[in-house]
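Here are a few friendly notes on the charged pairs, to read alongside the model.

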Amino acid sequence: MNDLLAIPCVLMRGGTSKGPFFLATDLPADASERDKILLSVMGSGHPLQIDGIGGGNPVTSKVAIVGPATIAGADVDYLFAQVRVDQQIVDTSPNCGNMLAAVGPFAIEAGLIPARGETTLVRIHNVNTGKMIEADVPTPNGNVSYLGEAAIDGVPGSAAPIALTFMDAAGARTGQLFPTGKPIDSIDGVAVTCIDCAMPMVLVEADSVGATGFESAAQLNADKTLLDRLERLRIAAGERMGLGDVRSQVTPKPVLISRPKSGGDINVRYFMPHQCHPSLATTGAVGIATACINEGTVASRLVGTRNPPLVLSIEHPSGHLDVKLHERDGKVVAGILRTARRLFEGHVFAKPVTQLGCAA
């Protein structure tokens, strides 16, 4: 017994991200109180998150909150929270497609939905964006399977494949694929594409900001001049996209794009937004691939005219990520293969809300 607050929790890897998964009923219903708890759990406000379970990096400072579906046609609700590392900020405006890969397995093992045959289709309502995603989870003999032969770049070894299908991802935050009304804008003399598909992003050709696009994540993170320029572009793009002042938000995400050199269709460096992703966000891949098949974007200028059905291979710092684009019911849907793993379960300890300051 102690004076800390014990909360049931499962730590899971989803795709190339990692973080705690909670049942919605185990966290405060009030968003402000919930966010204070999450900041305490993750240890935010310190670059190492030394007083919490966060990993000191945006890809390991993520939270998934899962509960029964609140809309027709869905099996579960999934609320994603990006918890900033060195600031006391919780941002629930974006989705995260990598963490999404673990939502289906978590929901089945939590008893929110039953396993159905060898593969269980889990229809996930992303509360952040209001969009629906389908996940095919391996459930041989009625149990979730994590072991398998599927491999994704950015994660060592292999695991069971989880197929994600993003249904009608356009306008995830703003309601429009191109929130500025056009596929290309000029900001500070730089041609950019402001796109909202699974994730609001601003796409920039690397050479237009003095980069090659093939720098390592560490090299880009050390380039303060480039980071400052991308932040200025991001803030201006956020205003044009109708997102307001985005300085305390993690969207839109800046993305450097360039021609491929390792057999892919396009090469990218994706920012989160102030650090380069060590690989690539799943939602980012969906939006980048969608930009490639829409005429007039900075991405389509690099790859040429492409039409679905097709598979686009996106090069990133850790390898490749393939996105399958095809039409269903007159709309383009995106499919991505991910993996997930349950890492530990038990209780995570937080300071009681009465002992915590205000969350942003």
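1. Which residue forms a salt bridge with Lys 182? The partner is Asp 185, and the closest N and O atoms are 3.8 Å apart. A salt bridge here is a side-chain nitrogen of Lys or Arg within 4 Å of a carboxyl oxygen of Asp or Glu. Asp 185 is buried, at 3% relative accessible area, while Lys 182 is partly exposed at 42%. (Buried means under 20% relative accessible area, exposed over 50%, partly exposed in between, with a 1.4 Å probe and protein chains only.)

2. A word on the source: this is a predicted model, where local features need pLDDT of at least 70, side-chain atom pairs count only at pLDDT 80 or more, and totals for chains, interfaces and linings use all residues. Residues are numbered from 1 along each chain as its sequence is written, and side-chain values use heavy atoms, leaving out hydrogens and water.

3. Searching the whole structure gives 16 salt bridges. One of them pairs Asp 75 with Arg 116, with 3.6 Å between the closest N and O atoms. Asp 75 sits in the loop between β3 (62-68) and β4 (76-83) and Arg 116 in the loop between α3 (103-109) and β6 (119-126), so this pair ties together parts 41 residues apart in sequence. (Helices, H or I of at least four residues, and strands, E of at least two, are DSSP runs numbered from the N terminus.) Asp 75 is buried at 12%; Arg 116 is partly exposed at 36%.

4. Do look at helix α5 (residues 224-240) too: Asp 228 and Lys 224 both lie there, four residues apart, about one turn of the helix. Their closest N and O atoms are 2.9 Å apart in a salt bridge. Lys 224 is exposed at 57%, and Asp 228 is partly exposed at 32%.
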